[in-house]
Amino acid sequence: MEKEIKQELRKISLRAEKKKWECIQKSKKPKFYFFYLVLILSMAYIIDEIATNINAAIQTEAVTTYFGEVNKYTLVMSIAATISSVAFLVRSLADRFGRKPFLILNLFGMGVGMLVCFLARSLPYYLIGLSINFLFAPFDIQTLYIIEVSSEKRRAMNLSICKAIGMLGITIVPILKNALNIFGWQDAFFVPALLGLLTGILVIFFVRESDVFIADRINQIKLQLRKKPTKNKKKRKAKKDENPSLIDAIKYMFKEKTFLWLCLASLLFGICSIGTANYSLVLKPVSEGAITYIDADSSIALYPFACALIIILNGIISDSFGRKVATIFDSVTAFLGIVFFFIGVVCTWHFALVGIFLGCFMGGYLSGVDTFNVLCSEKSPTMYRSSIMSIINVAIAVGTTIATAIFMTFNAVINNLNVGILIIIVIPISLAGALYVLFRKVPETKGTALDKNDVKVSGDDDDELVLTAKDF
């Protein structure tokens, strides 16, 4: 009797959840919904890009104020970045509860983290702010959102537009660092922190759940309602958790070996972050032991514009010629960008040229990461998509950890010139390895419908899945 009561209560809960999702699905979208959705997601990208890149922009000031030397700063950053690996455990819950709650959590988390960094006046509080920031910045739920609301023909382009807008938002960091002048360089955290909190509020009131997720969640509930209780203890134990989980996603990845190869390619590509994390060391002023003089602040202020252009080009190429062709473009652009950036610093080229080549490298790298996310999303079923994308991003983070280890190993015995040489040696090796794995083991996904791998419940197609009035 107790089991029957539990089963009936479970059915009541599932029916209520199904009704909730069906009401959202049937609700009419406001006029111009997609337009202001893109605007809000672009704001989310701006916050995310600032949260991710602000530490590189204020590296010199942070080292001077809190750490004393680069190696201590790098070690602390790597520890804080390790904390971000926890994010993939939390993000996997978006496959169960929806994308919207975690987009809100992402924005509020980054806003609070940067606000703590702004208010911190000692190392412990600054580290708390960094840890909060590193925990929420890797969520990237806005990436999943724009992928799920876009058509097959414009998926990469829409993602690139939002990403490019977000990249241009980085230009406010050096401005804020010097303009407010209330407490010093930490002022750079203040405005993006407020924007993060404000954008989170906008999401609450103006963004609805993605249609792809809603349809898949309704189907999953229908399947659960249709399943009959079993007397077999082993089968009952296996079916105990019928909701999508991270463990289920990992099992699915091992079943579909393509994802394991995609993880390896992502890891190798992530090693390129040795350039994204340490380019500012090559641009240090002469007074701090640089190899030559370059207007570092002006170069850094310019690079987002070139970066945004590369990201837009990546979207055009990806939607026109395929995801794998786009990775070639990303890799070549990243390699040439970092090489000419280094040569430009050594030969004292105009700061604008140095900034443009830095932007080409950053644009190629960030576009490549996005292309891996698109490949992953188009291959994944909706019920595991967020979990699998987070695992892919963990693979990229592992590559970043390897890059940090390489840098720290050599940093004690090399000067700024050799930091640049180390970067342009490591990057082509990692890019070549990523491309080799990608082209040999991962199929093209351009034009794939996101619900291709989803379980669909029909009242006519399969007698085993017919839902009767009694079920509802």
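In the predicted model, helices H16 and H20 pack at an angle of about 170°, and their axes lie 11 Å apart. Because angles over 145 degrees count as roughly antiparallel, H16 is roughly antiparallel to H20. On the H16 side, the contact involves Thr 258, Phe 259, Leu 262, Ala 265, Ser 266, Phe 269 and Gly 270. These residues meet Gly 364, Tyr 365, Gly 368, Val 369, Phe 372, Leu 375, Cys 376 and Lys 379 of H20. By class, the contact of H16 with H20 comprises 9 nonpolar, 5 polar and 1 charged residues.

Helix H16 (residues 258-270) also packs with helix H15 (residues 246-255), at an angle of about 95° and with the axes 5 Å apart. This angle makes H15 roughly perpendicular to H16. Tyr 252, Met 253 and Phe 254 of H15 form the contact with Phe 259, Leu 260 and Cys 263 of H16. The contact of H15 with H16 consists of 6 nonpolar residues, with no polar and no charged ones.

At least two lining residues are supplied by each of helix H10 (155-168), helix H18 (296-321) and helix H20 (351-379). The lining of the largest cavity divides into 3 nonpolar, 4 polar and 1 charged residues.

Terms used. Residues are numbered from 1 along each chain as its sequence is written. This is a predicted model: local features need pLDDT of at least 70, side-chain atom pairs count only at pLDDT 80 or more; totals for chains, interfaces and linings use all residues. Side-chain values use heavy atoms; hydrogens and water are left out. Axes are lines fitted to C-alpha atoms, for helices over the stretch in contact, and angles run from 0 to 180 degrees between N-to-C directions. Helices (H or I, at least four residues) and strands (E, at least two) are DSSP runs, numbered from the N terminus. Angles under 35 degrees count as roughly parallel, over 145 as roughly antiparallel, 65 to 115 as roughly perpendicular and the rest as oblique. Contact means heavy atoms within 4.5 Å. Ala, Val, Leu, Ile, Met, Phe, Trp, Tyr, Cys and Pro count as nonpolar, Asp, Glu, Lys and Arg as charged, and the others, Gly among them, as polar.
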